[in-house]
Amino acid sequence: MTKHLIIIPGIGDDHPVYHKGVRMFSMFGYAPQVHIFGWNSADPSSYDARLQQLNSFVDTLEGEIYLIGVSAGGSVAANCLATMPNKVTKVATLCSPLAAFSSRVNPLLAVSIEETERHLAEMPAETKNRILSLHALYDPIVATHLSKPLGVKSVTLPTILHGATIFLGLTIFSTRINHFFKQR
């Protein structure tokens, strides 16, 4: 059975580090790929169509489906699980805001986080147990408390800074994500 892995990048949409993650997770036996969400448009009215595009893609896949949401992509990954709990196997988020910022953010991200907060409030514990949130010891971009919603397993990586934690989370610490994905 194919183990699909979809990496959903954050604001900035694509970066070579995501493709390093693809190479790393292919060594674990996944069929990984990067799904560009289109954060740079920042158009909040496009959120539903963008999530539906991801959901439609996920719906075409056969086998186990794992999502890694990186930074802003974590809220999208959690929302995809919430809307497709019978299709998505597990989700890992990396340096992701799963709760609202106190300051202004990308308007598209603000909509995604609002949906995430609503979904997590309504999500059964069994579904929340299929989410792992990884974050840094210190992250000035996404404060670590925003990555620790109630009822979601949280892991603090021995790292600091947003970009460094993302790089290390998709490479050296990818074994933590793989271990979570393999747990039944």
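1. For the classes used here, Ala, Val, Leu, Ile, Met, Phe, Trp, Tyr, Cys and Pro count as nonpolar, Asp, Glu, Lys and Arg as charged, and the others, including Gly, as polar. On that basis the lining of the largest pocket splits into 5 nonpolar, 6 polar and 2 charged residues. Please keep in mind that this is a predicted model.

2. The volume of that largest pocket is about 160 Å³. Its lining has 13 residues, and those nearest the centre are His-15, Val-17, Tyr-18, Gly-163 and Ile-166. Two or more lining residues come from each of α1 and α6, with α6 giving the largest share, 4 residues.

3. Spanning residues 162-170, α6 has His-162, Thr-165, Ile-166, Gly-169 and Leu-170 as its buried residues. These lie on the same side of α6 because their arc around the axis is only 120°. Among the elements covering them are α1, β3, β4, β5 and α7.

4. On to the hydrophobic packing. The largest nonpolar core has 27 residues, and Ile-6, Leu-54, Val-58, Leu-67, Val-76, Cys-80 and Val-88 touch the most other members. At least two residues of this core come from each of β1, α2, β3, α3 and α4. Apart from it lies another core of 24 residues, including Ile-7, Val-22, Leu-132 and Val-155.

5. Which residues is Leu-67 in contact with, leaving aside neighbours within four places in sequence? They are Leu-5, Ile-6, Ala-77, Cys-80, Val-88, Lys-90, Val-91, Ala-92 and Phe-181.

Terms used:
Residues are numbered from 1 along each chain as its sequence is written. This is a predicted model: local features need pLDDT of at least 70, side-chain atom pairs count only at pLDDT 80 or more; totals for chains, interfaces and linings use all residues. Side-chain values use heavy atoms; hydrogens and water are left out. Buried means under 20% relative accessible area, exposed over 50%, partly exposed in between (1.4 Å probe, protein chains only). The arc is that of the directions from the helix axis to the C-beta atoms. Contact means heavy atoms within 4.5 Å. On a 1 Å grid over the protein atoms alone, a cavity is a set of points where a 1.4 Å probe fits but cannot get out, and a pocket is an open set with protein on both sides within 12 Å along at least five of seven lines; lining residues have an atom within 4 Å of a point. Grid points are joined across faces, edges and corners, and a volume is the space filled by probe spheres set on the points. A nonpolar core is a set of buried Ala, Val, Leu, Ile, Met, Phe, Trp, Tyr and Cys residues joined through side-chain atoms within 4.5 Å.
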